[in-house]
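Hi,

Here is the structure I said I'd pass along. Have a look, and my notes follow below.

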Amino acid sequence: MKESSTEVINEGPIVNHQDVKLKIGHFLKVYGPGLIVMLADTDAGCLITAAQSGAQWGYAMVLPQLLLIPILYAAQEMTVRLGIVTQQGHGELIRQHFGKGWAWLSAGTLGISAVGALLTEFIGIAGVGELFGVSKWLTIPAATILLIGVAFCGSYHHVEKIGVMIGLAELAFLVAMFMAKPQPSDFLQGLTTVPWKNSSYLYLVAANVGAVIMPWMIFYQQGAVIDKHLSKKDIPKEKHDTLVGTLLTQGIMIMFVVTFAATVGVVGHHVSLGSVSDLATAISPYIGSKPAKIFTGLSLMGGSLVAALVVALAGTWGVTEVLNWRHSLNERLNKSNVGFYTIYCLAHIIGAVIVLMNIDLVDIAVSVEVMNALLLPIVLGFLLMLEAKALPKEYRMHGLYRFFVTSACLVVMIFGMYMVGPTLGIW
């Protein structure tokens with residue numbers, strides 16, 4: 001009896017172990033595109049915007065971040081179905097269903113937006129280096145070499161793995177948040193405070209909307225699920241991947257809002273928060289100078305590097321799709337895909353050179369904000385139309401979900417356009 005009992009006990013773990021290995025294998029095969037694109041979403045510009053929000057409006061800026069979770073997920077979830085079902089990139093689908101003219105408009109604006117976003121990332125990288133006394137003439141070239149080298153790893157899977165590992169450095173700021181000792185009572189009060197009549201508050205909300213939903217994210221994730229060879233049976237898992245990434249990126253944004261709300265926001269000093277150094281300096285009196293530098297530096301370096309990688313790939317995929325060139329990271333450099341790798345490399349080199357040349361970046365930053373605001377309605381509009389036109393009926397949205405997603409996209413478009421006026425000083 002004892003021998004029989006022992007056999008049953010020993011067999012159980014073997015079967016479970018095999019099941020676990022299969023589940024982990026499937027997890028690694030499917031998960032990634034949603035996670036990396038969401039980690040890239042919290043880049044230097046986004047994190048600085050979140051910090052400004054917390055410093056100026058305290059915990060009142062947490063609620064907008066929570067409300068953006070379903071909107072962000074809905075937009076990216078559409079790219080998952082479009083990419084996997086059609087096996088075509090966003091630019092390809094626009095060219096196929098709306099013609100070359102609209103495709104070129106989409107690719108051109110995406111390209112300009114991507115270069116502009118890359119400038120922001122390189123400025124963030126330079127800022128982190130200078131925070132520790134390292135010249136941008138060392139950090140920018142080193143980052144450029146790293147980012148270009150990653151693309152030549154030989155497969156999308158390797159690029160994705162490296163990107164996710166770098167991006168997870170953003171979570172270091174969680175320690176800073178706990179060190180800031182946010183008060184739960186103030187947090188809960190902030191959730192019920194919505195000063196919607198204040199134009200300054202609305203503008204920052206619009207800035208957060210623009211900081212969370214980026215046009216290049218749509219191009220990236222649609223291209224990524226194709227390059228990862230995901231099939232229709234993987235759609236549910238990839239939706240989970242996107243949801244986890246959405247919760248993670250918004251969690252990081254909320255970390256920054258809460259940290260600055262619990263420190264600078266409580267004191268009520270309207271300090272200037274426009275750079276990496278400004279962020280570290282602002283929270284230094286509350287958590288210490290060294291921790292402030294380390295946690296701010298790690299978070300913004302991780303966000304800037306993964307965003308630079310994703311933005312460059314999104315722009316490259318978008319342009320080469322419209323040109324109908326070969327555009328896969330799974331193929332090593334050869335005559336047929338030299339255009340793809342050339343555009344990817346040039347995007348990084350141009351961004352790095354502009355930052356190193358000390359050109360007046362204020363005007364460029366303003367132009368990038370306006371471009372993103374103008375591009376967002378175009379990209380979301382195409383996304384909704386493609387979802388209704390390019391997908392078979394069984395893969396389209398239906399009923400209340402379709403109504404919610406369409407309404408949410410329209411709200412985002414309106415907020416995006418709202419940013420154009422104040423940014424240009426029109427109103």
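Phe152 counts as partly exposed, at 33% relative accessibility (partly exposed lies between buried, under 20% relative accessible area, and exposed, over 50%, with a 1.4 Å probe and protein chains only). Before I go on: this is a predicted model, so local features need pLDDT of at least 70 and side-chain atom pairs count only at pLDDT 80 or more, while totals for chains, interfaces and linings use all residues. Residues are numbered from 1 along each chain as its sequence is written, and side-chain values use heavy atoms, with hydrogens and water left out.

Now the aromatics. Rings of Phe, Tyr and Trp (the six-membered ring for Trp) pair if their centres lie within 6.5 Å; planes under 30 degrees apart are stacked, over 60 edge-to-face, and the rest tilted. That rule gives eleven aromatic pairs. In one of them, the ring centres of Phe152 and Tyr341 are 4.8 Å apart with planes at 25°, so this pair is stacked. Phe152 sits in the loop between helix H7 (136-150) and helix H8 (156-167) and Tyr341 in helix H17 (residues 338-356), so the pair ties together parts 189 residues apart in sequence. (Helices are DSSP runs of H or I, at least four residues, numbered from the N terminus.) Tyr341 is buried, with a relative accessible area of 3%.

Phe256 and Phe260 are stacked too, because their ring centres are 6.5 Å apart and their planes at 15°. Both belong to helix H13 (residues 235-262), and being four residues apart they are separated by about one helical turn. Phe256 and Phe260 are both buried. There is also an aromatic cluster made of Phe98, Trp102 and Phe382.

Next, Glu387 in helix H18 (residues 361-389). Is Glu387 buried or exposed? Buried, at 0% relative accessibility. Its side chain makes polar contacts (N or O atoms within 3.5 Å, one able to donate a hydrogen and the other to accept it; residues adjacent in sequence count only if both atoms are side-chain atoms). One goes to the side chain of Arg81 at 2.7 Å, and another to the side chain of Arg402 at 3.3 Å. Leaving aside residues up to four places away in sequence, Glu387 touches (heavy atoms within 4.5 Å) Met78, Arg81, Leu82, Tyr395, Arg396, Met397 and Arg402.

Finally, Ile294 is in helix H16 (residues 289-323) and is partly exposed, with a relative accessible area of 33%.

Cheers

Technical notes. Helix = DSSP H or I, 4+ residues; strand = E, 2+ residues; numbered from the N terminus.
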